[in-house]
Amino acid sequence: METVDRPADNALKGIVVTDVFTLVMALWQDWSVLQLMWPFWMQSLIIGWYARRRMLLLREFCTRGMKVNGRPVEPTQRTQRQMANFFVLHYGGFHAGYLFFLLAMSTTADAGGFITVTNSSSGVASQVLIGHVHPLDFLIYAALALGFWQAHRASHIEHVRADLGNTPKLGNLMMLPYARIIPMHLTIILAVPLGTGAIWVFVLLKIAADVMMHKVEHRVLQHGSSRMDAIA
């Protein structure tokens, strides 16, 4: 009979609570989509940090189907570290691009918080409200980042503990964090046509992605855990 993993449920609850609390803060502070993307960008960095740490803490792992320069790789410590470092470069590159976008948008808005967007097909220019990021916002972002760190740390501990009793596929662990980036992509694309409704779309997409990935990591990659070693 399958037992209920209460710690995993608690970790998921923490992740959802921090996502919802971020939405509450956004509504309370009347944030624009730009302002809301900052704390979720920080959350994504935290997810990447723990994803790399999880890969490096594996004792046994599978590399079936993985290839480097067209050749299969063996499940060695060298492969483990190379893949973790590649993940940092690739995942970090995405977030460097997002940081450039956020900084550019945060510094180009006019006094009213608008930027001019020109339709590449019709040539029609329109004003889009993206708001301003204020110093006080970054104090709130720091508090939210602390909440994200605590929630994802709890999830990370559970996942690593289960990893030690299994032989997870290293390639799967590398790819999972990228699903968290999808809401950012869609928000950038849909922010203009959706207007103020983009905030709700963004947060709902984020919650859905976080819940789905937590379930996948816990129920699919962690099945059959036998050794429950303590993780500091």
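**View A. Gln 150 lies in helix H4, residues 135-163.** Helices here are DSSP runs of H or I with at least four residues, strands are E runs of at least two, and both are numbered from the N terminus. The model is predicted: local features need pLDDT of at least 70 and side-chain atom pairs count only at pLDDT 80 or more, while totals for chains, interfaces and linings use all residues. Residues are numbered from 1 along each chain as its sequence is written, and side-chain values use heavy atoms, with hydrogens and water left out. Gln 150 has a relative accessibility of 47% and so counts as partly exposed; buried means under 20% relative accessible area, exposed over 50%, and partly exposed in between (1.4 Å probe, protein chains only). From C-alpha to C-alpha, Gln 150 is 8.1 Å from Gly 14, although 136 residues separate the two in sequence.

**View B. Trp 38 and Trp 41 form one of nine aromatic pairs found in the whole structure.** Rings of Phe, Tyr and Trp (its six-membered ring) pair if their centres lie within 6.5 Å; planes under 30 degrees apart count as stacked, over 60 as edge-to-face and the rest as tilted. The Trp 38 and Trp 41 ring centres are 6.1 Å apart with planes at 75°, so this pair is edge-to-face. Both residues belong to helix H2 (residues 33-56), and because they are three residues apart, about one helical turn separates them. Trp 38 is buried at 5% relative accessibility, and Trp 41 is buried at 11%.

**View C. Tyr 91 and Tyr 178 form an edge-to-face pair.**

**View D. An aromatic cluster takes in Trp 38 and Trp 41.** Ring pairs also bring Trp 31, Phe 138 and Tyr 141 into this cluster.

**View E. The chain has seven helices and four strands.** Along the sequence they follow the pattern α-α-β-β-α-β-β-α-α-α-α. The chain has 232 residues, of which 44% count as buried. Of the contacts (heavy atoms within 4.5 Å) between residues at least 6 apart in sequence, 79% join residues at least 24 apart.
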